[in-house]
Each structure stands twice: as C-alpha cells, then as structure tokens.
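Let's take a walk through this protein together, one element at a time.

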Amino acid sequence: MLEEILRQLFIDAFIKLYGQEPPVSQVNFQKTRPEFEGDVTIVVFPFVKMSKKSPEIMADELGREIVANSEIISKYNVVKGFLNLLVSDYYWLTFFAENHENEYLGRKQVTGQPIVVEYSSPNTNKPLHLGHIRNNLLGWSVSEILRANGENVVRVNLVNDRGIHICKSMIAWQKWGEGCTPESTGKKGDHLIGDFYVMFDKRFKEEVSQLLPSNYEELTEDDKEKAKAEAEEKSLLMQETREMLRKWESGDAEVRHLWEMMNSWVYDGFDITYKRLGVSFEKIYYESQTYLLGKELVNEGLREGVLYKRPDGSVWCDLRDEGLDEKLLLRRDGTSVYMTQDLGTAQSRYEEYQPKKLIYVVGNEQNYHFDVLKKILVRLGRNWGNDIEHLSYGMVELPNGKMKSREGTVVDADDLMDEMVATAKGVSEELGKAHGLSEDEAVKLYDMLGIGALKYFILKVDPKKTMLFDPKESIDFNGNTASFIQYTHARICSIIRKAQDNGITFGKEVCVTDLHAKEKMLLINIYNWQSVLEQAAINRSPAMIANYVYELAKDFNQFYQECSIMREDDVKRREFRLQLVDMTAKLLRNASGLLGISMPEKM
C-alpha cells in the first residue's frame, strides 16, 4: 500500500540525510489539505531533535531527497512543518492497469480458523420486525465484510423456540384458536402465532386487573408493585402457562406435538422473510436442543463448586467478586433460563468449529448478559469464553417511540418491505425512472430500489448508535441513499451500452500517461477501497462501506460532469475513461454487495 511505500521512502531519506533511523510509529500521514498541492502530508515536527534542523529546512531537505530517489513522487512543497507530497500519475496508472478488470477488488482468499457469527435469533412466538431487520442486515453484512477480508466465516442462527413466551402463544391458541391454521386463515404462520401472543397478553392483563385489590389506585407506588406481582402470581392463565412449560421440559407428548406444529408454521413464515431480505445461514441452532447441554454444564459447575444451589433448589453463579452480580442459571422448578441455553449453545459451537472468535450480534440491552456469559464459561474451565465478542448495536426507534411485541406495536418486517417497494414504485413512476422498461423489469427495479433503500438506510448508521427509522427519507435519488448509488450505477451501464452500440471498444491496455484532476480524484478513491474494506472488518462496521460507496458515487458524478466520455476526441483518452467508468461500476457492485444491495443496469 502507498503509506507503507512512503513510510520507507521517508525513513531511507532520513537515514541518508541525518544518519539516524526515525521511529516508525512516528512516521504518520494525513490527506493534504485542499488549499495546498499534494496528495499526502507528513508532519515532521516529531523529528526536529533528531535532525537538529528547523521543521521547514528539514521538510525541504527530505522532500528533495524523496523526489530524487522515487518515481512515484513527482513534486513536493513545504508549509511550515508539513511536507506535502504529490504522488505521480505513473503510480495511480500502474495501480489502474493492474486492477481495472478485477470484479472483486480488495477481496482476499478465505483461509484459517472459523469465525462464527450469530445473528437473527428470533422467537417463535412472533414474526420478524424492524429490530430484527437491523440485526439480520448487520449480522449478514459484517459476515460478508469479514469474509471479503479472508476470514473463514460461519453464519449461524439461534432460534428461541422454547420457553415461557412460546407457551403463551400455545395456551392462547388452545383457548381461543378454534383449530385455525395458516391455511384456514390465509395468514403467514409467524403472523398467526404472533397474533396469539398479543391476544395472551391482552387477556392476561384483563385477568390481573380483576385480581387487584379494590383500593389499588389508593396504594403507594411500592405497594402497587407488590399488589400487581401478587395478582400475576395468582393468575390462572400464567399458572397454566408455567405448567405447560414444565410439561414441555418433561417431554409431555401432547404438549410437544402442539409445539412442533405451531413452530413449523412459524419457520415457514421466517423462511419467506429471510429470502426476501436476502439473508441466510450455514447452520441453525435451536434452544430446544442446546438447553440440555447447558444444564449439563450447570450440573458440572455444581459438582466442581463453581456454582451453588439455594435452599429453594435454584442454581446460581456468584460473580460479585468480579464487579457483577449473582446470576440465576436454573429456576427452582429445574427449568432453564436464557443463560443456561447460551452456555450450551456456546459449548456446542466450540466443539463443532473450534473457532478463533464467537461473535454475537445482539442489541446493546444485552451487554451485561454477554459479560456474564464469558465469565461463567471461564469459571467452568472454558477459557475460550474470552474469545466471545458481543457485537452490540443500538436499538431502532420510530418517530412515535419504542416497539413492544406483546402489545402489537411493532413494525412488521414483511409489511415494512411491502411499504418500501410501494414507495419506490411511486417515486420511480413520478420521476420516470422505469420509462422504457418492460413490466417484469419495472417490478424487479421497484423491488431492488425498495429493499436496497431499506438496507442502506439502516446500515449507513454506525452500529453502536441508536437510530430513528423514517421510511420517507430513505428513497431519494439525490441524497445519501441507495437510490442515488443505484441510479449512478445504472447511468454507468447506460454509458457502456451506448459505447458498445456505437462500436466503441476499450481493451485491457492502458494508453494514457497522465491524469485529468477528476480522473485522478476518482481513481484515488478507488485505490482507497482496500483500506476502507480492512477498517470496516476491524470495526465491524458496514456503515464504513456505505459511506465509501456514497462518496464513490458522488466522485463519479463529478467526473462525469467535467470529463467528456463519448465526445472525447482523443481516442486513447476516451478508451481510458471508458475503462475507468467500467472499473467504477465493478466497485459499486462489489462494495454494495457487501451490504446486500443489488445494482440495477437500467433506470
């Protein structure tokens, strides 16, 4: 890479001029400020004592020496203690000649120990919603970015298919479902089960309100909480639900049959949503299978004295000496909790893949949970627990507040995708973007624009930040959106088609020796791609990719405005510009593909 070459040139020049080798860590670079001529700037102040020269004199001497001994630096200038270097067109054109036909520029061959990335983790008591969309898109994109950097990624999903929340939907279906099915109702299975989950909560609240004392409103806030807890404990609905969970864990045939039937409806629904969203997995784990392994680990911890049992029979891990708290691992009735199955799932993955890293894509409200998970595994003698990484991300909020599944106030993933595609269709028709396309081509374009807008809007935000989702802002052919990037790609494809229709070809050889300012600007941005790709992997940040693609599209449009392509009289220059245009299109597809966004060829 350029910085490594320049660093060595600087060090060699410094040694020759001053007889000492400067510390490598202090030879740093920054982009030259636009008001000065240059591409890269080196700050020389840290080397004043070593050179025994003023910053200005030292920078001038170093600049002259570097230019004299390198063909990749054509000029230099000094501004106080800043050495500005102008990289020669020869360097950029050499890079271009070696890479302009590479459809997957910057990607490395996959090797090494696996990295297991878990994302999605839905519950089988409700459909996927907007929060799941951010989780799925983030997990899938980070996996693709890591894989593009040569990591051997295994994408996995853990389905929360058991537990008290699942039993709530089952109880509601038994009581009020009247034998309905997805086929009889015409609903996707995950939507149907989600309706029963909401119904349970509604009936449960009604029952609890009837069990509250008559003077409830006159009580203090603390007494209200106690009274409500007592009422919930007395609730027959909740007692039935807990009993169903106990039966499930004991293998009751009738309960298990109902559970399998209802879960199968949900899985069919999930598969439709996943396919449309464009995400997939190498393996799917189920908590109904991993919780038993988790129980084995808990029993091992009891035998080893790492965990302890309270008089009521519940099992705990005391982490207070590590600044945390006591953590419940088995309830008093012997049923497991989330932590139990997470222990079992982690153990299962370690045994299967021997991964160098276990990455969990889970919202930031679970930060404490993963701190505890790692520490419990280490206490159980699984030092690989330290290799667990929680890719924590902020919640998705709506203009009217947070979503609540049991109250039915979520933004459903399927409905949202329908809305995005409908919006894309409306905007495209208004602007004439589908003009000249067949009906099938137009339908594909609307889907590409709508789903692309959704993905870009969510992924362009730094994962750590809480984001406000507003569909109206996501489709704009002139803003920082997927639509703008997709339109730029379609424009490039139109240029290439026009050249081909006119019999204009552009071969492999590069036949120019100098660069126009906008040609250089675009080519430098393309050159920077590999560094951006590497940093995106290090930071687990699709937002860095999204920002890069937007800047690349902007740079192309500036180049397109100032540099004639089809009307260029110089045949060699025209051929080079067509090659540069084609390389830009390849990179737009390459980079956007890591976000799961497709690029249309016509618009």
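Helices (H or I, at least four residues) and strands (E, at least two) are DSSP runs numbered from the N terminus, and two strands pair if DSSP finds at least two bridges between them. Before going on, please note that this is a predicted model, in which local features need pLDDT of at least 70 and side-chain atom pairs count only at pLDDT 80 or more, while totals for chains, interfaces and linings use all residues. Residues are numbered from 1 along each chain as its sequence is written, and side-chain values use heavy atoms, with hydrogens and water left out.

How many of the nine residues of β6 are buried? Eight are, so to speak, under cover, where buried means under 20% relative accessible area, exposed over 50%, and partly exposed in between (1.4 Å probe, protein chains only).

Rings of Phe, Tyr and Trp (its six-membered ring) pair if their centres lie within 6.5 Å; planes under 30 degrees apart count as stacked, over 60 as edge-to-face and the rest as tilted. Tyr119 sits in the loop between β5 and α5 (130–148), and Phe281 in the loop between α11 (253–277) and β7, so the pair ties together parts that are 162 residues apart in sequence. Both Tyr119 and Phe281 are buried. The protein has 25 aromatic pairs by this rule, and ring pairs also link Phe10, Phe14, Tyr18 and Phe47 into a cluster.

Next comes helix α12 (residues 287–304). Its 18 residues should span 26 Å at 1.5 Å a residue, and the end C-alpha atoms are 25 Å apart, which agrees; the expected span is 1.5 Å times one less than the number of residues. Buried in α12 are Glu287, Ser288, Thr290, Tyr291, Gly294, Lys295, Leu297, Val298 and Gly301. They cover an arc of only 165° around the axis, which puts them on the same side of α12; the arc is that of the directions from the helix axis to the C-beta atoms. On the face turned away from this buried side are the exposed residues Gln289, Glu296, Arg303 and Glu304. Just after α12, Gly305 has a positive phi of about 80°.

Pro55, Met58, Ala59, Leu62, Gly63, Glu65 and Ile66 are its buried residues. They cover an arc of only 165° around the axis, which puts them on the same side of α3. These buried residues pack against α1 (2–18), α2 (48–51), β3 (73–79) and β4 (82–87), with contact meaning heavy atoms within 4.5 Å.

Finally, step back to the whole protein. It has 22 helices and 14 strands, and buried residues make up 53% of its 603 residues. Its C-alpha atoms fill a box of roughly 85 × 65 × 50 Å, taken along the principal axes.
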